[in-house]
Amino acid sequence: MHQLFRLVLGQKDLSRAGDLFSLDDCEIEDSLTEALEQIKIISSSSDYQTNNNDQAVVEICITRITTAIRETESIEKHAKALVGLWDSCLEHNLRPSGKDEDTPHAKIASDITSCILQNYNRPPVTALAIPIAVKFLHRGNKELSRNMSNYLSLAAMNKADLLADHTEMIIKSILQGNVMLLRVLPAVYEKQPHLINKHLTELLALMPQLQQPEQYHLLRLLHVAARRKQMEVVQKCIPFLIKHLKDSTHNDIILNILLEIAGYEPMALNGFLPMLKEIGDRSPYLIGQMARIYGAVGHVDEVI
């Protein structure tokens, strides 16, 4: 470890901590893993939460380390130590105080989250980070939970398979109000269809309280589910879709889902044709897509 890191962390010398920023990033890059391991020891000590000097030293050192990692693009080399320090924060209180001030370990976790969030597209880092990130969802810190949701949503675009094992925890977090995570479910559905189907009624019940982006991701989930041609999904989602078709916000995706279902289970829509006609009469611009649904159901009637 670089002698200045050894001095600052070994003696917890706040007066010299700022000098770390005078060093070139490349000069200290080889020391970063060892420095992170030393910070983990300091932050795990029994008096850390009440020791302002140690907290200040740790905060400055983490800022210097994450800056060096970013500038030298060495996140993969130091990811194990970085995630190890991140994980250790879970052993401590992360709930904000009455003044909404973060606890010392929540500050560490937040700084590391920012660094990891910037590297969501690096698979080796993601593989280490996801199992830890999901644990932060249920630790009573809304800001950390929101940041983890951002990270998991980004990770789902590249490594949805790594999230699949944590689907239950993700759904639990959504049902507790962390609706940003709805965007993750379409990506993991193929890996966990039965688990998500089990909670589908509860998830659909969230629709009225969602903002438009989250409503869209919930409908995306239904579209993915509808493609699997499972009757339990069809029976749950058709009344829901018809009800929300009356709101013009998401007409296109809703009609696409209904068309998907009409392609393989047209009779499931037969009892809803009068409602579809009523909606079509009020919204003439939907007639083209409505006609395709009618055509699918009508064709079956002709065969029967």
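Leaving aside its neighbours within four places in sequence, which residues is S173 in contact with? The answer is L137, H138, N178 and L181, where contact means heavy atoms within 4.5 Å. This is a predicted model, in which local features need pLDDT of at least 70 and side-chain atom pairs count only at pLDDT 80 or more, while totals for chains, interfaces and linings use all residues. Residues are numbered from 1 along each chain as its sequence is written, and side-chain values use heavy atoms, with hydrogens and water left out.

- S173 belongs to helix α10, which covers residues 167–175; helices (H or I, at least four residues) and strands (E, at least two) are DSSP runs, numbered from the N terminus.
- S173 counts as buried because its relative accessibility is 3%; buried means under 20% relative accessible area, exposed means over 50%, and partly exposed lies in between, with a 1.4 Å probe and protein chains only.
- S153 is part of helix α9 (residues 142–164), and with a relative accessibility of 10% S153 also counts as buried.
- When neighbours within four places in sequence are left aside, S153 is in contact with M180, R183 and V184.

**Salt bridges**

- Side chains of opposite charge can pair when their charged atoms come close.
- The structure holds 13 salt bridges, a salt bridge being a side-chain nitrogen of Lys or Arg within 4 Å of a carboxyl oxygen of Asp or Glu.
- One of them joins R64 and D25, whose closest N and O atoms are 2.9 Å apart. R64 lies in helix α5 (residues 52–72) and D25 in helix α3 (residues 25–28), so this pair ties together parts that are 39 residues apart in sequence. Both R64 and D25 are buried.
- Another salt bridge links E76 with R122, with 3.8 Å between the closest N and O atoms. Because E76 lies in helix α6 (residues 75–88) and R122 in the loop between α7 (104–117) and α8 (123–133), the pair ties together parts that are 46 residues apart in sequence. E76 counts as partly exposed at 43% relative accessibility, and R122 counts as partly exposed at 23%.
- The side chains of D281 and K277 also meet in a salt bridge, at 3.2 Å from N to O. Both residues lie in helix α17 (residues 273–282), where they are 4 residues apart, about one turn of the helix. D281 counts as exposed at 52% relative accessibility, whereas K277, with a relative accessible area of 48%, is partly exposed.
- E29, D30 and K77 are linked in a network of salt bridges.

- Helix α15 (residues 231–245) has 15 residues, and the distance from its first C-alpha to its last is 21 Å, close to the 21 Å expected at 1.5 Å a residue; the expected span is 1.5 Å times one less than the number of residues.
- A kink of about 30 degrees lies at C237 in α15, shortly before the proline P239; the bend at a residue is the angle between axes fitted to the seven residues ending there and the seven starting there.
- The buried residues of α15 include V233, V234, C237, F240 and H244.
- D247 lies in the loop between α15 and α16, and its relative accessible area of 37% makes D247 partly exposed.
- D247 and W86 are 161 residues apart in sequence, and their C-alpha atoms are 44 Å apart in space.

**The nonpolar core**

- The largest nonpolar core has 103 residues, and those with the most contacts inside it are W86, F136, L152, L185 and L258; such a core is a set of buried Ala, Val, Leu, Ile, Met, Phe, Trp, Tyr and Cys residues joined through side-chain atoms within 4.5 Å.
- The largest share of this core, 9 residues, comes from helix α16 (residues 251–264).
- Not counting residues up to four places away in sequence, L185 touches T167, I170, I171, I174, I196, L203 and L221.

**Cysteines**

- The structure holds 0 disulfides, a disulfide being a pair of cysteine sulfur atoms within 2.5 Å.
- The cysteine sulfur closest to that of C89 is in C115, and the distance of 13 Å is too far for a bond.
- C89 counts as buried at 0% relative accessibility, and C115 counts as buried at 5%.
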